[in-house]
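Subject: Handover of a structure and notes on its local features

Dear colleague,

Please find below the structure that I am passing to you. I would be grateful if you could read the notes with the model open beside them.

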Amino acid sequence: MALPLLPGNSFNRNVGKEKFHKSQHWGFCNNVMMLVSDEKPGIGGEPLLGQKIKPKCSIYPKGDGSDVPSWVAFDKQVLSFDAYLEEEVFDKSQTNYRIRYYKIYFYPEDDTIQVNEPEVKNSGLLQGTSIRRHRITLPPPDEDQFYTVYHFNVGTEVVFYGRTFKIYDCDAFTRNFLRKIGVKVNPPVQCPEDPYMKIRREVVEHVEPLRPYESLDTLKQFLQYHGKILCFFCLWDDSVSMFGDRRELILHYFLCDDTIEIKELLPHNSGRDALKMFLRRSKLPKNCPPRVYQPGQITDRAVLNSYGDFMKNQADSYLFDRYKLGKVDQEFYKDSDLSLGVTINVWGRKVLLYDCDEFTKSYYKSKYGIENFTSVSCKPPSPPPKIERKFPPYNGFGSEEDSLRNCINLKPTPHQRNFKKFMEKDSYGSKSNILRFFAKLVTDKCVDLDRMFVISYYLSDDTISVFEPIERNSGIAGGMFLKRSRVKKPGQEVFKSELSEYIKAEELYIGVTVNVNGYLFRLLNADEYTLNYMEQNTDKYPFSNLKLALQKLKQEEGKSRELKQVFKAADPKHTKMVDYNTFRDILMSLTVGNLAEQEFVTIARHYRAPEGTCSDMDFLIALAHDKFKKNMFENFDTFIYSCVYEDREKKNVLPTKDIKRLCKSSRLPLSDDLLESLLSRFEDSEKQIDYKSFFSALNWRKNPVPELQPASYLKERCEDVWLGMPSPIPAKYIDYWTFLKDVFGLEEE
């Protein structure tokens, strides 16, 4: 028997159901069938098993009242939230960011939102409605949903279209509304202050306009004393302060308006800038404040309010303070306060009036009856005894110059080297400005007796470096013995107040023993540049002065005949030349140690005999070939073609200057000295060169020559390497006969 169709007796859920439509879950996008939405309900709008559908609008708890729609229940009700936004600014000259304040209005009837920005005076921003009223989607990844009332609370952040708004407060209605729907409202949060508006407020607070000023009638005084000026001669003694001195001034007092101006009398070459006015024309207060008042800060009356039409009637548009509560009473200098011997206060400077002109004397005599106008003596006091400045001794940290700079000024400055000397004596072109000496170590150790060194003295900064050439199988590493630095003279105290003395260039010459940081070096020889430099600067190097060296030999004039016979005996072939060692032994035995080694080298260089040119020619060509090989230069045929073109007369010779010009213009990779030496070897008596033979000799492909033999020892590549060891003798043969004629005036027999 079937149960009656009564409530509770039937399990068919479709009883009384009228909606059986099916939601569309699939659709087409670009002609492709795809899942459109999986959040739609099942048949008849009923949710599927386990499905939870998110509400599109806010769902409010149902009360006991009538169930009316939200657009009727919440009509004209708005939730108001106070929020701020931190915005970065592009022009960061004043602030790095701005704080902008907003009002967020939420309409519960349809979940729409409106954002307004209240207008702030002088904010410099466009303000008003920032976001118009509409529903706003949540930020990704929930962009398919909209903001509801449950997303808003005090102390939270909401993101509208990428802009983060921080809610810090709400009104009373909003707070009560949220509490009724079960939301726990957070307490208000402190809102930060806009840094730009803070700066603007500080500027406005410092500007206090107190206008208009009260006008005073001074026309009678102006008409009576116009053009009449009192002149006083003043003195401001500022010698007590640091870098201060006594300043001569002239004070002008204008009787027409009781103003004062002061000019300064500057002596010649005072070192001060010539200014028109020491004090510009104005009233001078007796009790000067610590600083000058700003314009408009000192007024006779204060403006309380403005009223009426300002454009029509200016005079009646202000309400003044009749009691003058804000007035600052100031007492200014008058003509009665000025007299000889009086010291006035000129904005903190004590100025003494010691004399005046004739008009000033007659004015005070007629008005005040003053008869005594004796000038006040203002001679400067005798200077105190100068205290000798003493510096503490050197403490061993850093260089002596840098330590001394710490004691001279309160703010230490680095030691300034002689930049002019550095620029003049720095290496430039063929001028190295480096004096190189070949030295030997003076020691008692047998192992170090044969050690040889190259001592380089840099004229640009007076530094010295010592380099030891590397020799194979010597048992000594060689290389840099002393880095480039200044070397102190021996025997000086280390910790003292005075600067130490260093070895100078004048103290280095051949034959001297130099103490370099405890090592004794005896200078045996020097390179060609050093010898030439010393002979050109005989004022600094007296041992390189040929006249002084010959003057010492002339003192032995009694031995001239004997000396002549000794030289003839040493020259059996009558060539009038002897070798260097023989010449040295004869002169050293003659002077008995009175002639220095540097002086003897100077004499030998001056009277050396010319050597043969064959070996010299081969050496120069080999050196030129080496330069060409390093630069891969082979354009010698081009030089010959150019010379043939310029040789219009077909003589196969061209002037030396034309050949030199052609080599320079074609950038022949040879130095000036080497090119000059080669041209002089091929030059004839008429200053012409056979260009074919010249360039054929330079052609290292067609006419090779034996390569240069390297030195017997190895050398490191560094700035202190002496390329080419000096010859142990400055010349092979000496022309002794010319020497005897110049010194003793002997004639040939």
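The notes below describe selected local features, grouped by topic.

Please bear in mind throughout that this is a predicted model.

Cysteines

The number of disulfides found is zero. For C643, the nearest cysteine sulfur belongs to C663 and is 7.6 Å away, so C643 is in no disulfide, given that a disulfide needs two cysteine sulfur atoms within 2.5 Å. C643 is buried because its relative accessible area is 0%, and buried means under 20%. C407, in turn, has a relative accessibility of 29% and therefore counts as partly exposed.

Backbone geometry

Most peptide bonds are trans, and most residues other than glycine have a negative phi.

The peptide bond that joins P140 and P141 is cis, with omega at about 10 degrees. P141 is found in the loop between β6 (128-134) and β7 (157-160).

M632 is a residue other than glycine with a positive phi, near 50 degrees. The loop that holds M632 runs between α13 (614-631) and α14 (636-646). M632 counts as exposed because its relative accessibility is 56%.

K687, also a residue other than glycine, has a positive phi near 60 degrees. K687 sits in the loop between α16 (672-682) and β25 (688-690). With a relative accessibility of 54%, K687 counts as exposed.

Helices

Which residues of helix α17 (residues 691-698) are buried? They are Y691, F694, F695, A697 and L698. Viewed down the axis of α17, the buried residues fall within an arc of 155 degrees, so they line one face of the helix.

Two packed helices are described by the distance between their axes and the angle between them. For helix α15 (residues 656-665) and α16, the axes come within 11 Å and cross at roughly 145 degrees. The crossing of α15 and α16 is right-handed. On the α15 side, the contact is made by T656, I659, K660, C663 and K664, while α16 contributes D672, L675, E676 and L679. C663, one of these contact residues of α15, is also the residue whose sulfur is the nearest cysteine sulfur to that of C643.

E599 is located in helix α12 (residues 597-606). Is E599 buried or exposed? E599 counts as buried, because its relative accessibility is 2%. The side chain of E599 makes a polar contact with the side chain of K552, at 3.1 Å. Leaving out residues up to four places away in sequence, E599 touches F543, A549, K552 and N594.

N116 belongs to strand β5 (residues 112-117). N116 has a relative accessibility of 19% and therefore counts as buried, the cut-off for buried being under 20%. The side chains of N116 and Q114 make a polar contact, at 3.3 Å. Neighbours within four places in sequence aside, N116 is in contact with Y102, K103, Y105, G128, T129 and S130. Of these, G128, T129 and S130 fall in the range given above for β6 (128-134).

Yours sincerely

Methods: Residues numbered from 1 in each chain as written. Predicted model: local features only at pLDDT ≥ 70, side-chain atom pairs only at ≥ 80, totals over all residues. Heavy atoms only, no water. Buried < 20%, exposed > 50% of the residue type's maximum accessible area, 1.4 Å probe, protein only. Helix = DSSP H or I, 4+ residues; strand = E, 2+ residues; numbered from the N terminus. Arc of directions from axis to C-beta. Polar contact = N/O pair within 3.5 Å; in protein donor to acceptor, adjacent residues only side chain to side chain. Contact = heavy atoms within 4.5 Å. Axes fitted to C-alpha atoms, helices over the stretch in contact; angles between N-to-C directions. Left-handed = near helix turned anticlockwise from the far one by under 90°.
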